[in-house]
Amino acid sequence: MPKILLCVTGGVAAYKAIDLVSSMRKRGDEVRILMTESATRFVSPVSFSSVGNFPVYTDAFEVSDGRILHTTLSLWGDILVVAPMTANTAAKIANGIADNIVAMTVLAFNGPKIGVPSMNVRMYENPITTQNLSKLSKIGWHILEPATGHLADGEYGKGRYPDNSQILFEIEKALGPADYKDINVLVTAGPTREPIDPVRYITNRSSGKMGYEIAKAAKIRGANVFLVSGPVALPAPYGIERKSVQTANEMKNAILDRMEWADIIVMAAAVADYKPSVFSNQKIKKRADEMNLHLVKTGDILEEVSKMRKPNQFVVGFAAETENLLENARYKLESKKLDMIVANDISHSNIGFDSDYNEVTIICGNNNVIHIGRNKKSSIAQNILDIIRSHRVKLA
Ligand code: CTP
């Protein structure tokens with residue numbers, strides 16, 4: 001897990017960095033928080049230490065292990081993030097001034113650096129600030145563009161602290177490989193819903209988490225990602241174009257619309273295999289003691305996609321099984337003519353459905369079987385992308 005130096009400087013948005021630390025803790029990141037004196041005027045260091053249980057440093061002259069703090073910290077971190085970054089701190093860094101714990105550590109740090117400018121619109125648009133920020137970009141900083149909207153002082157304009165999901169995305173991107181750059185990846189996720197009447201439907205169990213993690217991981221590794229999602233409770237991942245659908249038919253149409261564009265298609269969705277043969281426009285009343293529902297097949301999207309794909313398109317399917325995992329997965333791989341299948345045993349309650357964890361077995365076209373033990377879905381998503389990459393020669 002990455003070791004992050006999070007530098008908080010004195011802007012109104014400093015309180016938003018508390019939530020950033022909380023998300024970092026949930027991801028399992030290791031964090032050291034550095035605050036300027038003015039940041040501590042906005043938010044207490046105690047708020048930061050209690051939310052993440054990470055050390056918080058405010059004193060530039062503190063000595064740790066016989067070394068002055070900023071040199072120890074600058075050697076410890078894999079990445080340094082200044083969030084929020086005030087105009088004052090940007091100016092100091094751009095000019096090599098090192099008069100507080102943040103500015104000193106920044107000057108001594110050699111790894112990737114992300115700046116999150118957040119300030120009043122007139123301060124942001126002042127040519128001095130613009131020049132300082134572009135100087136930082138030129139020397140390798142990744143400077144995020146502030147959002148536009150209502151600012152703390154009642155004004156409107158550019159200067160807002162962005163969504164923390166964007167900052168987390170940029171951190172992962174800065175630390176990971178860019179081996180999917182310019183590759184177009186189409187991912188499906190979540191269940192489909194086949195309506196019976198205006199209030200009822202049949203569906204499959206699926207939280208969509210595995211597909212969403214694959215979409216996120218591909219984006220972080222540089223891909224252009226199009227996510228076709230059935231109804232799930234997950235927010236659209238940062239930077240990803242998401243098309244929300246309900247039925248298998250809508251999912252099929254959304255995929256076919258983008259089929260031409262895609263280099264890789266990953267079908268993680270749990271598509272309903274059957275739908276009611278008729279949809280009742282009116283709510284069906286419960287007058288009878290019994291009711292028969294006549295179902296018809298929805299049609300296998302993956303099979304259709306696989307039949308019509310071009311030779312250079314790589315198609316990955318999923319297989320959710322309760323028994324004979326390998327045998328059933330192999331059958332799906334061959335009958336649907338896939339390049340790869342990711343099989344998971346859904347009979348275990350501590351993995352799979354709704355869980356953040358999974359355990360999968362991957363079979364590739366040449367009957368290469370790879371087992372990935374129980375791990376976070378975010379980590380399994382990275383493994384799946386590694387394997388796709390090594391089997392899709394054109395990605396090299
Ligand atoms: N799939 C699909 N269209 C369907 C059903 C499934 O595209 N109508 C895709 C899923 O997205 C998944 C793969 O086919 O990638 C396997 O889905 P799964 O539900 O495990 O198996 P099925 O093919 O539906 O077969 P069965 O229900 O008999 O296990």
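## Basis of the description

Because the model is predicted, local features are given where pLDDT is at least 70 and side-chain atom pairs count only at pLDDT 80 or more, while totals for chains, interfaces and linings use all residues. Residues are numbered from 1 along each chain as its sequence is written, and side-chain values use heavy atoms, with hydrogens and water left out.

Helix H5 (residues 87-94) is mostly covered, with six of its eight residues buried, where helices (H or I, at least four residues) and strands (E, at least two) are DSSP runs numbered from the N terminus, and buried means under 20% relative accessible area, exposed over 50% and partly exposed in between (1.4 Å probe, protein chains only). The buried residues are Ala 87, Thr 89, Ala 90, Lys 92, Ile 93 and Ala 94, and they pack against strand E6 (79-85), helix H6 (101-108), helix H7 (121-125) and H8. After H5 comes Gly 96, which has a positive phi near 70°.

The axes of H5 and helix H8 (residues 127-138) lie 9 Å apart at an angle of about 55°; axes are lines fitted to C-alpha atoms, for helices over the stretch in contact, and angles run from 0 to 180 degrees between N-to-C directions. That angle makes H5 oblique to H8, since angles under 35 degrees count as roughly parallel, over 145 as roughly antiparallel, 65 to 115 as roughly perpendicular and the rest as oblique. In this contact (heavy atoms within 4.5 Å), Ala 87, Ala 90, Ala 91, Ile 93 and Ala 94 of H5 meet Thr 129, Asn 132, Leu 133, Lys 135 and Leu 136 of H8. By class, these are seven nonpolar, two polar and one charged residues, with Ala, Val, Leu, Ile, Met, Phe, Trp, Tyr, Cys and Pro counted as nonpolar, Asp, Glu, Lys and Arg as charged, and the others, Gly among them, as polar.

## Helices H4 and H6

Helix H4 (residues 69-76) and H6 have axes that come within 8 Å and cross at roughly 50°, which makes H4 oblique to H6. Leu 69, His 70, Leu 73 and Ser 74 in H4 meet Ile 101, Met 104, Thr 105 and Ala 108 in H6, and the residues of this contact divide into five nonpolar, three polar and no charged.

## A buried loop residue

Thr 247 is found in the loop between strand E15 (241-244) and helix H11 (248-258), and this residue is buried, with a relative accessible area of 14%. Leaving aside residues up to four places away in sequence, Thr 247 touches Thr 192, Arg 193, Glu 194 and Pro 195.

## Aromatic pairs

The structure holds two aromatic pairs, a term for rings of Phe, Tyr and Trp (its six-membered ring) whose centres lie within 6.5 Å, with planes under 30 degrees apart counted as stacked, over 60 as edge-to-face and the rest as tilted. Phe 169 and Tyr 238 form a tilted pair, at 5.0 Å centre to centre and 55° between the planes. Phe 169 lies in helix H9 (residues 164-175) and Tyr 238 in the loop between strand E14 (224-229) and E15, so this pair ties together parts that are 69 residues apart in sequence. Phe 169 counts as buried at 9% relative accessibility, whereas Tyr 238 is partly exposed at 31%.

Phe 226 and Trp 261 form an edge-to-face pair, at 6.4 Å centre to centre and 75° between the planes. Phe 226 is in strand E14 and Trp 261 in the loop between H11 and strand E16 (264-267), 35 residues apart.
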